[in-house]
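Please look through the structure shown here. The paragraphs after it go through its parts in turn.

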Amino acid sequence: MKKNIAVIRGDGIGPEIVNEALKVLDKVAKKYGHEFNYVDADMGGCAIDKYGDPLPQHELDKCLAADSVLLGAVGGPKWDGVPGNMRPEKGLLRIRAGMGVYSNNRPAKIWKQLADASPLKPEIVEKGIDFIIVRELIGGIYFGEHKTYEEGEKISEDVMKYSESEIERIGRIGFETARKRRKKLCSVEKSNVLDTSRLWKSVMHRLAAEYPDVELSDMLVDNCAMQIVKNPAQFDVIVTENMFGDILSDEASMITGSIGMIPSSSLGATSNGLYEPIHGSAPDIAGQNKANPIGTILSAAMMLRFSFDMPKEADDIENAVSKVLDMGYRTGDIMSEGMKLTGCSEMGTLIADAI
Ligand code: NAD
């Protein structure tokens, strides 16, 4: 199969981790006779330096024309002082909106080899952590009107808005995802306070009638934040709005050990998806061959599974990661006693070789 992949290396550790993911994709292409063509696109700080814009239209167009997009990470202290609408992270919001990817899918799964890295008590970890957060990605407060004005003092407003159709399309992704797993969907909102959450809850319950095989439950977001650390084994699929999902998925990533291990996919109505690790550009370790490339490599595996319909190839990558962890290789962020400290590029080579 022939596929065009737009590659956004970005800033900080972005170029290093993306290189390793491409190494692994090249190995998969060789083994299965596929042809992956990479088209470089600039986004984030590097695009600001080059074009004065975190995501110029011509770079977004490359992503829209591709079969899928692989992204490293963007941002860094060099661009902290630039105005809000020109920040590297604006590129992230723009690419999500431009591609129309309204659903972000983040697995929170503990690798048995890294169980010690979880900050939770062993008796909680032993029960298993394996759930997915389905987060609405292009609506809600992040995309509502933002303004700051003077009325004797400074006042700021951020508008949180959701329509029934926006809730319904993400709700369906939640139900469909649960259907392919353990058939339990937890809808998370703040319906004791927010109108948007009351609408959210009513749409989820309306949809539930169409998915009688899926067990739907409701949870307030503050309770969910507690339950994720107290009893994560209870969750199969969580579906929630943009800001709640942003916060809960970072919390979920912490309980599984390293932020460097976790991939994500963002999809909309077409198969052209955006695949990226959940971490940022880690400027503190950039350019030192210290970054963990596994989150990006597993994001590439998700791309094969969800956008290219290549489940065997995706399984191969995930099994290769497991094999390399079994062999005791660890980057600094997941290092523990008795294991072999490995650099970013060596980790990529080991995983590619294990395919
Ligand atoms: P971060 O995720 O970049 O780093 C947090 C900590 O985790 C750091 O100590 C870092 O060294 C470590 N870390 C992250 N990824 C790692 C990896 N693959 N291997 C080993 N260690 C890893 O978060 P931050 O420090 O809050 O943000 C740094 C920059 O990244 C900021 O400019 C921020 O805006 C940006 N950011 C970008 C994205 C994105 O591109 N999607 C997401 C979050 C933050």
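**Around the ligand**

In this predicted model, a polar side-chain atom of H279 lies 3.2 Å from a nitrogen atom of the ligand. For G280, a backbone N or O atom is 2.7 Å from an oxygen atom of the ligand. For A282, a backbone N or O atom is 2.8 Å from an oxygen atom of the ligand. On its own the ligand has 810 Å² of accessible area, and the protein covers 69% of it.

The next step is to look at the protein as a whole. The chain is divided into two parts: domain 1 is made of residues 1-104 and 259-355, while domain 2 is made of residues 119-255. Between the C-alpha centres of domain 1 and domain 2 the distance is 25 Å. Domain 1 brings 12 residues to the contact, and domain 2 brings 11 residues.

What area is buried between domain 1 and domain 2? The value is about 1100 Å², and carbon and sulfur atoms give 67% of it. The interface of domain 1 and domain 2 has two residue pairs in polar contact. The count of salt bridges between domain 1 and domain 2 is zero.

Note on methods. Residues numbered from 1 in each chain as written. Predicted model: local features only at pLDDT ≥ 70, side-chain atom pairs only at ≥ 80, totals over all residues. Heavy atoms only, no water. Polar contact = N/O pair within 3.5 Å; in protein donor to acceptor, adjacent residues only side chain to side chain. Areas by Shrake-Rupley, 256 points an atom, 1.4 Å probe, with all protein chains shown as cover. Domains from an automatic or database assignment. Contact = heavy atoms within 4.5 Å. Buried area = accessible area lost by both parts, 1.4 Å probe. Salt bridge = Lys/Arg side-chain N within 4 Å of Asp/Glu carboxyl O.
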